[in-house]
Amino acid sequence: MIKRDLELHRLNTGSQNRLATAVTKMANHLFNYMGHIGAGIILGGIDIKGPQIWSVDPHGHTICLPYLSMGSGSLAADAILETNYREEDGEICLTEEEAIDICSKAIEAGIYNDLGSGSNVDYVVINKAGTRLVRSHKSDNKKLFKHPEGYNFPTGTTKVLDMCKVPLDIEDGQAPMEM
């Protein structure tokens, strides 16, 4: 839906969309649902104002910062980002390799310090030439289970307190929709 709105905006104005336009449309959409969509989004890109990274929370609040993290592991990730991010005279002082390394360490910190997080480090490089998505850059925090094949409990392990059986009447007829 946002993609469609941005494309219509681009065609109507005859110019490329600004990142702030995408952020505003996303924030308005999330605000209209008052947090019930439950999507926290980080949008990044380069437009006429230069490189930007924006956070849009589930209620539509937005903020633009030099670096961002979101989710249950964000406190640990923020600690790494705050420690290693460098800027001089308003200009970022990091090479692409350094930025990838810092980002990777921040994601790993979030993974290692939060039991609910995943185990892969994925990142996207955004520059004037385009975007590059890298999946499974690192995957050294595999979740280990005592029984990888799962657990089998004998019948009767859990006591059934109440049971209700409802008969279903199935009628032959036309399919509700064509596939």
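Trainee: Let's start with strand 7. What is the bridge partner of asparagine 127 there?
Mentor: Glycine 130 is the bridge partner of asparagine 127. Strands here are DSSP runs (E, at least two residues), while helices are runs of H or I with at least four residues, and both are numbered from the N terminus.

Trainee: And how do strand 6 and strand 7 pair?
Mentor: Strand 6 and strand 7 pair in the antiparallel sense, over six bridges. Two strands count as paired if DSSP finds at least two bridges between them. Strand 6 and strand 7 form a hairpin, with two residues between them.

Trainee: Before we go on, where do these values come from?
Mentor: This is a predicted model, in which local features need pLDDT of at least 70 and side-chain atom pairs count only at pLDDT 80 or more, while totals for chains, interfaces and linings use all residues. Residues are numbered from 1 along each chain as its sequence is written, and side-chain values use heavy atoms, leaving out hydrogens and water.

Trainee: Got it. Salt bridges next: how many does the structure hold?
Mentor: Seven salt bridges (a side-chain nitrogen of Lys or Arg within 4 Å of a carboxyl oxygen of Asp or Glu). Side chains of opposite charge can pair when their charged atoms come close.

Trainee: Which residue does aspartate 101 pair with?
Mentor: Aspartate 101 forms a salt bridge with lysine 105, and their closest N and O atoms are 3.2 Å apart. The two are four residues apart in helix 4 (residues 96–112), so about one helical turn separates them.

Trainee: What about lysine 138 and glutamate 108?
Mentor: Their side chains meet in a salt bridge, at 3.5 Å from N to O. This pair links distant parts of the chain, with lysine 138 in strand 7 (residues 130–138) and glutamate 108 in helix 4, 30 residues apart. Lysine 138 is partly exposed, with a relative accessible area of 30%, whereas glutamate 108 is buried, at 12%.

Trainee: New topic! In what order do the strands of the open sheet run?
Mentor: Three strands form that open sheet in the order 1-2-3, and their pairing is antiparallel. Strand 1 (41–47) and strand 3 (62–64) are the edge strands, each pairing on one side only.

Trainee: How many bridges join strand 2 and strand 3?
Mentor: Strand 2 (residues 50–56) and strand 3 pair over three bridges, in the antiparallel sense. Valine 56, for one, has threonine 62 in strand 3 as its bridge partner.

Trainee: Last one: what is the volume of the largest pocket?
Mentor: About 1,700 Å³. Grid points are joined across faces, edges and corners, and the volume is the space filled by probe spheres set on the points. On a 1 Å grid over the protein atoms alone, a pocket is an open set of points where a 1.4 Å probe fits, with protein on both sides within 12 Å along at least five of seven lines, and lining residues have an atom within 4 Å of a point.

Trainee: Which element gives the most to its lining?
Mentor: Helix 4 gives the most to the lining of the largest pocket, with nine residues.

Definitions and conventions
Buried < 20%, exposed > 50% of the residue type's maximum accessible area, 1.4 Å probe, protein only.
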